[in-house]
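Colleague: I am new to reading protein models. Could you walk me through one?

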Amino acid sequence: MIWLALVTVICIAAVDTNSLRQASRHEITVYAALVVLALAMSSLVSWHLWSDVHLIAPFDAMFGSMTKWLYEIL
Amino acid sequence: MSKVQISRFQIILALVWSVLGSGIVTAPFIITQFVIRDAWITLILFTVGGLVSTSVAALFVRVLPNRSLICGLIDALGPWLGRVFGLWILVWMYLVSCKTLREGTSFVGITILPQTPLYIIAFAGAIACSYAVYMGAEVVMRNGEFISPLALIVFPTLFALSMQHLDVQNLMPVLADGWHPVLRAAVTPDVTYALELLIGLQFAHMLRNNRTLPKDMIIVTGIITVLGILLAVVTVGVVGQSAGYLQFPILEAVRSIRIGRNLERLDTLYILGVMSTVLIKLSVFHYAWCEGMKDVFKLSSHRIVALSGGLLVWAGSIAGFRSQLEVNHFMISVAPAYFVVTLVGIPILAVLVMAFRKRAKRRVC
């Protein structure tokens with residue numbers, strides 16, 4: 001998955017070349033942050049680290065008990 | 001650059017497919033975990049969730065006219081606090097996109113491409129949607145317009161044909177176990193999916209008259225309620241109690257169709273239809289996310305994040321939801337409260353603050 005992600009990053013950078021040339025610094029920062037996050041998630045899957053990392057856990061912790069309460073009152 | 005404009009017809013179709021797109025994949029499984037015979041009653045209650053969404057939208061477009069959801073938050077709550085809440089909404093849109101792509105990927109993987117790695121299937125879906133979003137709102141909305149006539153032919157035909165195996169006894173007795181299982185089964189479709197209609201607020205500024213959005217949402221609620229009830233009656237009537245053991249009960253109802261000796265496996269048409277609608281939903285949510293990113297981070301165009309954001313959705317759909325079980329767990333145990341807080345709490349807060357500010361300004365004048 002990480003290889004596919006890397007190839008795609010190169011391809012979309014090629015497609016976005018014109019936009020990125022005209023982009024301001026903070027736009028490039030946002031773009032780079034998204035790409036880095038995507039690569040980090042792809043590497044989690046590729047290197048089998050994803051079984052130890054539960055990305056949805058914070059939402060589960062915040063809203064799991066509220067939803068459980070909702071089911072209980074019904 | 002000319003102002004992007006979409007028609008009422010386009011927003012209605014986009015909202016219908018945005019709810020049905022993945023709802024048709026996951027909601028039947030979730031409902032049948034609580035109730036089978038009375039599944040159709042849970043879908044009557046969709047009107048309640050739809051009307052709550054419509055009320056929130058009506059308040060929002062009244063107090064914050066001609067603004068998208070995120071623009072409205074920034075205007076009402078100020079540049080800093082508004083952006084913090086805007087980011088919260090962006091995370092919600094991103095999670096829904098990831099969940100939708102994961103649902104579509106699992107569906108395609110289980111039904112027609114069992115030997116293909118899931119990340120390849122997800123990649124194909126993410127690239128298609130990102131390209132549609134990159135090309136703009138018109139392309140995203142035209143996808144919905146293109147698929148609707150095909151769906152109007154294929155879906156009624158399939159369900160009319162599957163009715164030959166319908167046994168009304170599978171739906172009887174009505175409410176034998178009381179209202180509790182029905183109400184619990186209704187939480188996901190009638191809270192979570194119904195609140196997803198509020199994605200329409202992100203497109204409100206593109207409508208010629210955004211005051212019509214609540215009316216359009218009522219029409220969408222009616223369409224989804226009728227379709228949902230029909231789907232539930234046919235599916236439970238055909239599949240019966242075994243629906244409780246199936247990941248995709250509607251697919252089984254379609255698979256039961258046989259015409260003569262040779263014509264069978266019409267489920268391929270159903271799978272194609274579901275894939276199309278899932279991709280429309282994904283495009284709508286991804287476009288809304290890109291527009292939101294533009295407003296929160298002051299980008300010059302949504303195009304800057306369309307492809308890189310699509311890549312992030314692809315990676316998040318696999319890394320965030322490790323299996324279909326996790327998607328089901330998220331939809332049953334997390335999403336109802338999360339969606340209520342995000343889609344009712346935050347817009348209502350913005351409406352209250354804006355109304356208070358307007359009143360305070362009038363007093364000063």
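**A residue in a loop**

Modeller: Let's start with Asn170(B), which sits in the loop between helix H7 (137-162) and helix H8 (180-195) of chain B. Helices here are DSSP runs (H or I, at least four residues), and strands are runs of E of at least two, numbered from the N terminus. This is a predicted model: local features need pLDDT of at least 70, side-chain atom pairs count only at pLDDT 80 or more, and totals for chains, interfaces and linings use all residues. Residues are numbered from 1 along each chain as its sequence is written, while chains are lettered from A and ligands numbered from 1 in the order in which they are written.

Colleague: Is Asn170(B) buried, exposed or partly exposed?

Modeller: We count other C-beta atoms, placed from the backbone, within 10 Å: 20 or more means buried, 12 or fewer exposed, and in between partly exposed. Asn170(B) has 18 such neighbours, so it is partly exposed.

Colleague: Which residues is Asn170(B) in contact with, leaving aside neighbours within four places in sequence?

Modeller: Contact means that C-beta atoms, placed from the backbone, lie within 7 Å. For Asn170(B), the partners are Val236(B), Gly237(B) and Gly240(B). Gly240(B) is 70 residues from Asn170(B) in sequence, yet their C-alpha atoms are 5.2 Å apart.

Colleague: And what does chain B contain overall?

Modeller: Chain B has 13 helices and zero strands. Of its 365 residues, 58% are buried. Among its contacts between residues at least 6 apart in sequence, 82% join residues at least 24 apart. Along the principal axes, its C-alpha atoms fill a box of roughly 75 × 45 × 35 Å.

Methods: Two residues are in contact if their C-beta atoms, placed from the backbone, lie within 7 Å.
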